Amino acid sequence: MRKTIGVAALALALTAGLACGASAQSHLRIGLAEDPDVLDPTLARTYVGRIVFSSICDKLFDIDEKLSIVPQLALGHETSADGRTVTIKLRPNVKFHDGEALTAEAAKYSLDRHLTMKGSFRRPEIASVDSVEVVDPLTIKLNLKAPFSPLLAQLTDRAGMMVSPKAAEAAGDKFGLKPVCAGPFKFVERVQQDRIVVEKFADYWNKDNVFVDKVTFLPIVDSTVRLANLRSGGLDMIERVLATDIKTVRDSPKLKLISAVELGYFGITMNLNNGPKANTPFGKDARVRRAFELSLDRDAINQVVFNGEFVPGNQWINPTNPYYQQAFPIPKRDIAKAKALLKEAGVSGPLTLDFMVPNGPETRAVAEVVQSMAAEAGFDLKIRVTEFATSLKQAEDGEFQLFLIGWSGRSDPDGNSFAFQTCGAPQNNGKFCDKEVDAAHAEARAKSNLADRKKAYETVAARFLPNGTVVYLYHRRVLVALSDKVDGYKQMPDGLIRVVGVKLK
Amino acid sequence: MLAFLTQRVLQIIPTLILVSMLIFGLQQLLPGDPALIMAGEERDPQVLEEIREQYRLNEPIPIQYLYWMKGVLSGNLGESMRLKSSVASLVAEKLPVTLQLAGMAILVALGIGIPAGIVSAVKKDTAWDYGANIFALWGISTPNFWLGILMIFLFSVTLGWLPASGYVRLGEDWRASLATTVMPAFVLGNAIAAILMRHTRSAMLQAMSADYVRTARAKGLYERRVVLKHALRNAMTPVITLGALEFGTLLSGAVLTEQIFTIPGFGKLIVDAVFNRDYAVVQGVVLVTATTYIVLNLLADIAYVLVNPRLRG
């Protein structure tokens, strides 16, 4: 018995004596909502991975708060009059983490790697590039197969990340285990599902604006626990705060909340032409789908589920985006009109629809609100909560009539629309196909100025919004909570966390 | 003894083959397409096809199985599709974490469960007994994730004594390591303590009414000596067996607790792998834990035979 007491006393003493020692180095700890995938810019594909990349891998270009494209590792670019060549001047005196210089050769290597590596997820993004030429030691020229205006936007993301040719050549497809890029921080270690540690790169081209010595990324999946870590001082900032936790953050004097409207959207994909499940009045008659949209009150969804913190929307870009089509405002809820449309289409009695919803507390809540709203117009939605991986496969196979799904968003509107709206495109799960929409998208890709492109997208909106496969519902907010020790943080609309310029008090 | 050992070791081989087929077969039943989930938002048909080719997802399942077995037999557990690192290195990275957490949890369980069981048996039908029983009922019926979150709020957010989550390796800083694991170990140990307490109590009650205990008392021994030396020793056998079994279960990873406290052990590894349809990781981890379990079982059998010669033959 005495021994037991002794052990208990020892345990108590240990617990009481445990305290984390503060280090003199400034160390920023960031809580992520998921564990990132492989840290190879060519092979990576998750949103959370992009957050880590923004600390270790600089890109040719970046975006600013207004979504304008600004130079990063490039100094500038020039597109030829016919839009078929893009010449990019590189920033001089840029070094990779292994000391190698960023030359035109290295830039060509990185782009060629994106274009040719087996399993490269970047290839479809920059498939318009036919070849990369070295013009002089600091200039490259991209020869395009056809004019492609979203190209520069692609180079603000992973496709524009430059890797050290020496390290990439040595590591092959294992490069992601120890990435060597030209970003403000260099990779130190990664413990799978536990942490990713990076430290300040002494030879960074913009080192005067880096005020943090070390950054640790900690994936903490549970949002309550993530927030608890921030509140207890175990973390300095967290991403993807729940809309329902906003009040807790605002009420805490030691925390700050920073937000921006996301580039992506949440919406309902409808099955028009994918397998036997499309063979219903809903899949075949646009009036029935219009009736469904008219039964929804987007503002109420936002109020009920997200305390009004998100932004209701009806297009693939949010209402603050320069490409938003003002001529197509958010339709008001109109049950009478919805019922009339259903009657016109010859639908009598409640129309039963299979509503696939990926599992999650927020998605389930949205689905239930949609269900009760649509019921008033005469739709009987059968919510089928499905595990995420399964839902992707079933969407592909046409095993749905309605599918609640989001898109994380890209800075160019093309990235939010082309793959969903054109005939046979990979994300077009409801199989919408309209030659005019395809032609308008091709036009938007070929034109480079905003007015011309916006005009092309107007055609898309006119055809796709009333007849298409997606009812866009809302745009989430990028919600980042910070401890009051963190200063100088700026949120860009892409949701990524940029540590350059951040100071720790 | 040698014949017994040979026989038992030989029995392991068909068991392991069966286990490996089960693991492989069962996860093929999971709906979803590994290439599609791996591609995530970047679904390009050509890239998807390359992934399927690279990981032999287009081959018939028996062929995929044979490829996997060929690798396993030559010591290669395969490669994680999601992380591009070898499954063996992932397992090696997680094993010490899981061992530490399981070890601490079982210590908590024994430290609480056995004394509570003894007290409630010795002081049967008193307030002590009721108190211990209420504790056991609470321990069994409180969900791990709930207790975990409550503890985080109390000890990390409100009192600020312990880090809310995360993990530090023992070798790196043992004090910080204990600080990060003490709460999850308590959460895990607490549930097991309740079970151990109930078993200790009933075994003790049985022992306390045995003849040898009456004899010991008749000899005029102190009650404490009777309880701890004569009754407890005899009552411990089923409790130790149970404890060993629970330890085995802990080794396969504590899914919810690891998720709440962000402990990077087997539980988190396997959950992420299942959600991402990272087949090689699921197969590797399950195979390793199944093998550990079987080996532990074998060791237990050998121990029984050593202790009890009547089992030989």
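Colleague: Is Asn307(A) buried or exposed?

Modeller: This is a predicted model. In it, Asn307(A) counts as exposed, because it has 12 C-beta neighbours inside 10 Å, and a residue is called exposed at 12 or fewer.

Colleague: Where is the place of Asn307(A) in chain A?

Modeller: Asn307(A) is in the loop between helix 10 (298-306) and strand 14 (311-312) of chain A.

Colleague: And what about the phi of Asn307(A)?

Modeller: The phi of Asn307(A) is positive, about 50°, although the residue is not a glycine. Most residues other than glycine have a negative phi.

Colleague: Now chain B. What is phi of Arg277(B) near?

Modeller: Phi of Arg277(B) is near 50°, again a positive value in a residue other than glycine. Arg277(B) is in the loop between helix 12 (266-275) and helix 13 (279-307) of chain B.

Colleague: Is Arg277(B) buried or exposed?

Modeller: Arg277(B) is buried, because 25 other C-beta atoms lie within 10 Å, and the cut-off for buried is 20 or more.

Colleague: Change of topic. In what order do the four strands of the open sheet in chain A come?

Modeller: The order is 4-5-7-6, and the pairing is antiparallel. Strand 4 (74-79) and strand 6 (129-136) of chain A are at the edges; each has a single partner strand, so one side of each has no neighbour in the sheet. On average, neighbouring strands of this sheet are turned by 20° against each other, direction ignored.

Colleague: How many bridges pair strand 6 of chain A with strand 7 of chain A?

Modeller: Six bridges, in the antiparallel sense, with strand 7 covering residues 139-144. Glu133(A) stands opposite Lys141(A), which is in strand 7 of chain A.

Colleague: Which strands does helix 3 of chain A lie across?

Modeller: Helix 3 (residues 104-116) of chain A lies across strand 5 (85-90), strand 6 and strand 7 of chain A, and runs at about 170° to strand 6.

Colleague: Back to chain B. At what angle do helix 5 and helix 10 of chain B pack?

Modeller: Helix 5 (residues 87-122) and helix 10 (residues 223-251) of chain B pack at about 150°, with their axes 10 Å apart. The crossing of helix 5 and helix 10 of chain B is right-handed.

Colleague: Which residues meet there?

Modeller: From helix 5 of chain B they include Ala102(B), Ile106(B) and Leu110(B), and from helix 10 of chain B they include Val239(B), Gly243(B) and Phe247(B). By class, the contact of helix 5 with helix 10 of chain B has 14 nonpolar, two polar and one charged residues.

Note on methods. Residues are numbered from 1 along each chain as its sequence is written. Chains are lettered from A and ligands numbered from 1 in the order in which they are written. This is a predicted model: local features need pLDDT of at least 70, side-chain atom pairs count only at pLDDT 80 or more; totals for chains, interfaces and linings use all residues. Two strands pair if DSSP finds at least two bridges between them. Helices (H or I, at least four residues) and strands (E, at least two) are DSSP runs, numbered from the N terminus. Axes are lines fitted to C-alpha atoms, for helices over the stretch in contact, and angles run from 0 to 180 degrees between N-to-C directions. Two residues are in contact if their C-beta atoms, placed from the backbone, lie within 7 Å. A crossing is left-handed if the near helix is turned anticlockwise from the far one by less than a right angle, and right-handed if clockwise. Ala, Val, Leu, Ile, Met, Phe, Trp, Tyr, Cys and Pro count as nonpolar, Asp, Glu, Lys and Arg as charged, and the others, Gly among them, as polar.
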